[in-house]
Amino acid sequence: MKEEFKRIRHEYGKKELLESDIKSNPFEQFTIWFSEAVEQNLPDSNAMCLSTVSGQGRPSSRILLLKDFDESGFCFFTNYDSRKGIELENNPYGSMVFFWPELERQIRIEGIIEKLDTKKSDAYFNERPIGSRTAAAVSPQSEVIANREELDKMVQEFSEKHGENLKRPDFWGGYKLIPDLFEFWQGRKNRLNDRIEYKFEKKAWIHRRLAP
């Protein structure tokens, strides 16, 4: 093994995850862990890795920000014509992973992903700073562009034409992942990590421990 990898090894052991401590509802358990990450002011505590799969079975992943959640699912926003949007159109299943290294925790969530209704997408778009709204309206996300100067020019020309009077473009909006599986992972000493999986079976959440 290269020396660089030997030097970055980190031993876990700050906390534990026992069956006696967990909630029977995975949404409640997620809320507890997410709230702890937020309360400790962890950088981008709502950042997640979203994975989708193309119609040819090729997976792709990227970091996004969670913007809302409740017991109906987990919401994020993007360009419908982006790679992930196109992949979700052909294969609506995906997964999210939240990783909080300071807490030695991660949460993996799987399920089907659906578009949010237009009212919710409009409401969130209108809450965004003008720069973010302009970027969403201008950027041909995932398409090839010549250089940075081309993008900057597109933004400048769009801003001069529209100013702050922007409506949500039809190609941009929200999605919701509706879970049927959660896995809560807590780092432990000697890599004997705690893993608790929740699976939705027969209209109920069943939880069980997985080997590390």
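**Exercise 1.** Describe the makeup of residues 35–159 and state which feature UniProt places there.

*Solution.* Over residues 35–159 the chain is 35% helix and 34% strand, with the end C-alpha atoms 37 Å apart; helices (H or I, at least four residues) and strands (E, at least two) are DSSP runs, numbered from the N terminus. The unreviewed UniProt entry places "domain: Pyridoxamine 5'-phosphate oxidase N-terminal" at these residues, and such annotations, given in the numbering used here with shortened feature names, may be inferred rather than shown by experiment. This is a predicted model, in which local features need pLDDT of at least 70, side-chain atom pairs count only at pLDDT 80 or more, and totals for chains, interfaces and linings use all residues. Residues are numbered from 1 along each chain as its sequence is written, and side-chain values use heavy atoms, with hydrogens and water left out.

**Exercise 2.** Find the strands that pair with strand 8 (residues 194–201).

*Solution.* Begin with strand 7 (residues 172–186), which pairs with strand 8 in the antiparallel sense over six bridges, where pairing requires that DSSP finds at least two bridges between two strands; here Trp185 stands opposite Arg195. Next, strand 9 (residues 204–209) runs antiparallel to strand 8 and is joined to it by six bridges, with Glu201 opposite Ala204. Two residues lie between strands 8 and 9 in this hairpin, where Lys202 takes a positive phi near 55°.

**Exercise 3.** Decide whether Glu104 is buried or exposed.

*Solution.* First locate Glu104 in the loop between strand 5 (93–100) and strand 6 (105–115), where Glu104 has a positive phi of about 55° although it is not a glycine. At 2% relative accessibility, Glu104 counts as buried, since buried means under 20% relative accessible area, exposed over 50%, and partly exposed in between (1.4 Å probe, protein chains only).
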